[in-house]
Protein chains: 2
Amino acid sequence: MAERVTDHRRGPRRRGAELEAAILAATRAGLVERGYASLSMDWIAERARTSKAALYRRWGTVGELVVYTHARLVRSLLTVPDTGSFASDMRAMLRSTADVMDSEYGELLRGVLAEIMKNQELAAEARRQLADSGPQAMDEIYRRGIERGEVRPELRGTRTMTVALDLLRSEFILGGTPIPDAAIDDILDTVYLPLVRLPD
Amino acid sequence: MAERVTDHRRGPRRRGAELEAAILAATRAGLVERGYASLSMDWIAERARTSKAALYRRWGTVGELVVYTHARLVRSLLTVPDTGSFASDMRAMLRSTADVMDSEYGELLRGVLAEIMKNQELAAEARRQLADSGPQAMDEIYRRGIERGEVRPELRGTRTMTVALDLLRSEFILGGTPIPDAAIDDILDTVYLPLVRLPD
DNA sequence: CAATTAGAGAACAGCTAGTTCTCTAATTGA
DNA sequence: TCAATTAGAGAACTAGCTGTTCTCTAATTG
């Protein structure tokens, strides 16, 4: 004698990529509206108008879902500016990365970093994402810098090449957002450029 | 008609500092045995053989308790070696810091960093702890380096002075533990020492 | 020695993580 | 074309945690 007022099982049922897109959108919405700390599978399922079962079929925890969402989003956020010189390319890239950290994506990044700190298994995958994305864009800028004869070619691909980005992330973690221009100038002019610039 | 087999209300009751010490010990034990992700007020209260009420009277959340525990512990962990030269002092300090990151304290540090990522209110206090502790020890080593005429005196107290520690923390977050000697050598020999050493 | 403070123990409501049902729409392939 | 399979929707449920609020009573204070 169960009365069902609305049975969504009748409606058009989303599947596969379409459903996944709705779930990822709901995850981003959750990060923006409630923050990483208050994100829950229940909330995401309701927001995406799907069921928890559909979520758990794909991801085991909220953390996995956040890391996956980050992986899907991070590629579209990288900007590789070409402004004419290595120094201004780097400055533009760091500034735009800092701006992204201060946008809604910042909460996603915070979630991924929190997950790295919390979860040993996920840490490897999340670290790979962070260790790949930034340096990849950086490498393009550095390559052009070598061609122009502005920077030391032997440093390409080494830890030194990514020092600027490491320090910017440090600033994000320890200083929060927004990241002032002064911090970026400091990283570049005092630390990074003296290191990589060719001695004349 | 309630039968009480054991009523601990009769026994000697701990208070103040004594009780707090037991709670902090239980918190550290929880971090080691279960990890930051599985830490709960319930577990800590049971482990410290006290009540949740006593915990909530002091701290509002597990995060606060973890950050407080960190604050209490961090001072005793700083080592300021005096080995005869600035370079070897720094190497010894970074190595010992890296070793601490690989000890049970590492899980506490992970907890504090996770809390910074998760909780906006606590972040300020936790950041202050991290931003103060390391540089403080560093400053002593740097001061001696200036006296010996080994490093550029104008960098004392600037962002540049702490670059080595920032990069080590980056390594901890993105690379995990243990931190190999090669990473420390790289940070020092390729990045840090060329920056701060006096040109001859 | 009386009044006050604070710990112990317990119960509780509310929320979340995961799991596991049933029912049924959409897809596949013989 | 139709039967079999896959997978989403909805719901129920257990277990565990948070944060609060009782009562009882030990320890401290004045």
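How many residues does helix 8 of chain A have, and how far does helix 8 reach from its first C-alpha to its last? Select residues 163-175 of chain A: there are 13 residues, and the reach is 17 Å, close to the 18 Å expected at 1.5 Å a residue. That expected span is 1.5 Å times one less than the number of residues. Helices here are DSSP runs of H or I with at least four residues, numbered from the N terminus.

Before moving on, some ground rules. This is a predicted model, where local features need pLDDT of at least 70, side-chain atom pairs count only at pLDDT 80 or more, and totals for chains, interfaces and linings use all residues. Residues are numbered from 1 along each chain as its sequence is written, chains are lettered from A and ligands numbered from 1 in the order written, and side-chain values use heavy atoms, leaving out hydrogens and water.

Stay on helix 8 of chain A. Step just past the helix to Gly176(A), which takes a positive phi of about 75°.

Next, select Thr27(B), in helix 1 (residues 16-33) of chain B. Is Thr27(B) buried or exposed? Thr27(B) is buried, at 0% relative accessible area. Beyond its neighbours within four places in sequence, Thr27(B) is in contact (heavy atoms within 4.5 Å) with Leu39(B), Ile44(B), Leu65(B), Val66(B) and Thr69(B).

Notes: Helices (H or I, at least four residues) and strands (E, at least two) are DSSP runs, numbered from the N terminus. Buried means under 20% relative accessible area, exposed over 50%, partly exposed in between (1.4 Å probe, protein chains only).
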